[in-house]
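Subject: Structure handover

Hello,

Here is the structure I promised to pass on. Please open it next to this message as you read.

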Amino acid sequence: MSTKSKSIESKTDFNQDERLKKVSNLKVLLNRPELGALGGAILVFIFFGIVAGDTGMFSAYGILNFLDVSANLGIIAIAAAMLMIGGEFDLSIGSMIGFAGICIAIPAIYWGWPLWMSIIFAFSMAVLVGYFNGILVVRTGLPSFIVTLAMLFILRGATLALTRLITGRTQVPGLRVLIENDPIAWIFATDSFKWVFTWLGSMNLIALRTDGSPLATGIPPSVIWFIALAILTTWILMKTRYGNWIFASGGDKNGANNVGVPVGRVKISLFIGTAVAATIFATIQVLDAGSADTMRGTLKELEAIAAAVVGGCLLTGGYGSAIGAAFGAIIFGTVSMGIFYTDVDTDWFKVFLGAMMLIAVIFNNYIRRKVTESK
Amino acid sequence: MSDYLVQFNNISKFFGKVIALKDVTMKLRKGEIMCLLGDNGAGKSTLIKTLAGVHKPDEGEIIFEGEKIVFDSPKDALDIGIATVYQDLALVPLMSVTRNFFMGREPLKGPPFLKTFDIEKANRIAAERMGQIGIDVRDPSQAVGTMSGGERQCLAISRAIYFGAKVLVLDEPTSALGVHQASVVLKYIVKAASQGLAVILITHNVHHAYPVGNSFTVLNRGKSLGTYEKKDISREKLLSMMAGGEELDKLEVELKEMNRVSS
């Protein structure tokens with residue numbers, strides 16, 4: 001009884017404390033890691049709205065186009081962000097994309113496997129690669145930067161060597177015919193909400209082809225995956241025990257260990273996450289293109305990390321957000337496509353990407369100082 | 001005598017040829033604060049790790065609530081209620097007070113397989129617990145990095161108590177703190193003891209230890225120089241024992257010599 005009254009008492013104390021500053025919602029928002037990326041995304045849209053508003057960039061077709069690019073990058077950026085919050089890097093994401101691609105294509109084309117089995121095979125390999133990355137980092141205590149850099153070369157090399165060994169070339173075409181009637185492939189290859197676009201087309205609200213079908217046929221699978229992953233990972237980070245463990249593992253792995261967080265298991269699972277995300281990326285692209293290319297995904301790991309950083313992830317771990325990485329990917333995707341609609345030479349995109357990242361890192365650093373400094 | 005909550009009898013620990021601890025004995029009752037004093041290299045860290053279950057003692061026994069026990073891992077020690085708060089506090093500055101408080105032991109809600117972190121409950125408990133020790137967390141979702149060193153120390157101790165500590169092992173809780181902050185932490189330690197916890201306070205600062213301790217064990221070069229009740233020993237005596245008495249005497253003589261020569 002006494003403890004109860006005491007707790008109520010202390011609670012009222014807590015509420016009536018004269019030092020209790022009224023924290024406005026705006027201030028709460030300002031402390032969120034994704035704020036910079038959200039602001040950046042809004043600025044980018046305003047910029048292109050002014051510069052390229054009348055060019056077709058913001059037609060249904062144009063929007064889906066830059067959303068598709070953003071979403072593809074976003075899928076791996078979100079996984080990279082989760083891993084970065086957990087305190088590690090994965091530089092093998094790009095190579096994993098190439099590797100996953102041929103893991104689907106070679107069994108399907110050369111060994112006569114059904115497509116769905118090849119896809120499951122690719123995801124199994126991803127889990128293995130991720131597990132291997134994770135166990136190596138956790139067991140050896142080496143920086144993940146080095147371990148996954150090694151994996152970057154190993155996977156890319158193996159992809160090239162194996163593909164040439166089995167097929168005698170570096171590309172494996174002919175997948176498109178296998179998609180139809182496959183029980184799994186549609187998850188990665190079907191446009192959604194086609195009826196909306198058909199309806200919009202019939203109302204003459206969006207551009208049509210000469211045959212009367214709408215130019216934009218539906219929401220690409222990448223966008224659906226992207227949104228689903230963004231929601232799932234944000235929920236994990238904010239609302240689950242595992243999410244708290246991710247922050248703890250990245251923030252202070254010894255401390256986390258001391259209070260009973262299974263840091264090793266958390267990190268391994270996050271490495272599996274990046275490899276699986278790379279495989280989702282690869283599956284969507286391979287099925288869309290109808291062919292696997294051994295060089296697919298080159299340098300994607302760096303774009304993913306850049307998007308995560310723009311999204312507010314600290315390079316030292318323990319801080320960041322999945323939704324921020326999603327906004328980071330939208331910024332890069334929108335600019336990389338939007339630049340075609342402007343008079344600016346597309347060569348300048350990489351300059352923008354680098355500058356954006358630099359600004360983000362400086363901004364993040366400032367935020368981190370603000371968060372960790374005693375007031 | 002079974003009125004001791006925990007007894008560490010003749011604990012020895014060897015690392016190869018190095019004798020890190022030899023025949024260290026400590027006994028604690030509920031509500032008692034024992035200060036473990038020792039200079040750097042006296043074996044304090046090894047002893048803490050032995051108490052926390054990180055090291056297994058090579059000789060000696062640990063008796064908890066009248067039963068002999070053996071720790072295979074730090075978790076075993078934690079499970080029976082011996083909680084160690086290390087100097088690094090196991091706090092993540094970038095995470096919120098609540099998320100730190102429940103780190104690794106998050107309260108859950110919801111149906112099986114879809115259990116989520118009950119953040120409202122966690123916020124409430126964290127704010128309540130911190131309020132009880134007089135620390136006003138303006139917002140339990142604020143980052144721990146914004147708290148002062150003393151507040152962080154209190155958070156770590158409060159967390160250990162909330163999760164069922166019966167014996168609290170505190171590693172240098174005041175070493176990085178200013179005078180005021182240190183006194184806040186010491187006050188909290190006394191309060192915790194008065195609620196029935198046994199506290200082992202490890203420090204090299206006699207001035208912090210003497211006012212709060214009930215008994216004092218001095219460690220020197222891996223050996224216990226004995227345990228003394230407060231009434232049996234003075235602050236000065238403790239200080240001189242800790243530094244290995246004669247060493248300070250020697251220093252005094254040398255300094256006198258230097259002064260004589262220079263003047």
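This is a predicted model: local features need pLDDT of at least 70, side-chain atom pairs count only at pLDDT 80 or more; totals for chains, interfaces and linings use all residues.

Chain B overall

Chain B has twelve strands and nine helices. Its radius of gyration is 20 Å, close to the 18 Å that the globule rule gives for 263 residues, so chain B is as compact as a globular protein of that length. The C-alpha trace spans about 75 × 50 × 35 Å along its principal axes. Of the 263 residues in chain B, 45% are buried. Take the contacts in chain B between residues at least 6 apart in sequence: 68% of them join residues at least 24 apart.

Domains of chain B

The domain assignment gives domain 1 (15–92 + 158–262) and domain 2 (95–142). Their centres, taken over C-alpha atoms, are 30 Å apart. Seven residues of domain 1 are in contact with seven residues of domain 2. On the domain 1 side, helix α5 (residues 149–162) of chain B gives the most, with three residues. By class, that side has five nonpolar residues, one polar and one charged.

Helix α4 of chain A

Helix α4 of chain A covers residues 60–85, 26 residues in total. From first C-alpha to last it reaches 35 Å, close to the 38 Å expected at 1.5 Å a residue. The helix has a kink of about 30°, centred on G74(A). Buried residues number 22 of the 26, so α4(A) is largely enclosed by the rest of the structure. After α4(A) comes G87(A), with a positive phi near 90°.

Best wishes

Conventions:
Residues are numbered from 1 along each chain as its sequence is written. Chains are lettered from A and ligands numbered from 1 in the order in which they are written. Helices (H or I, at least four residues) and strands (E, at least two) are DSSP runs, numbered from the N terminus. The expected span of a helix is 1.5 Å times one less than its number of residues. The bend at a residue is the angle between axes fitted to the seven residues ending there and the seven starting there. A residue is buried if 20 or more other C-beta atoms lie within 10 Å of its own, exposed if 12 or fewer, and partly exposed in between; C-beta atoms are placed from the backbone. Domain bounds come from an automatic or database domain assignment. Two residues are in contact if their C-beta atoms, placed from the backbone, lie within 7 Å. Ala, Val, Leu, Ile, Met, Phe, Trp, Tyr, Cys and Pro count as nonpolar, Asp, Glu, Lys and Arg as charged, and the others, Gly among them, as polar. The radius of gyration is taken over C-alpha atoms; the globule rule is 2.2 Å times the number of residues to the power 0.38.
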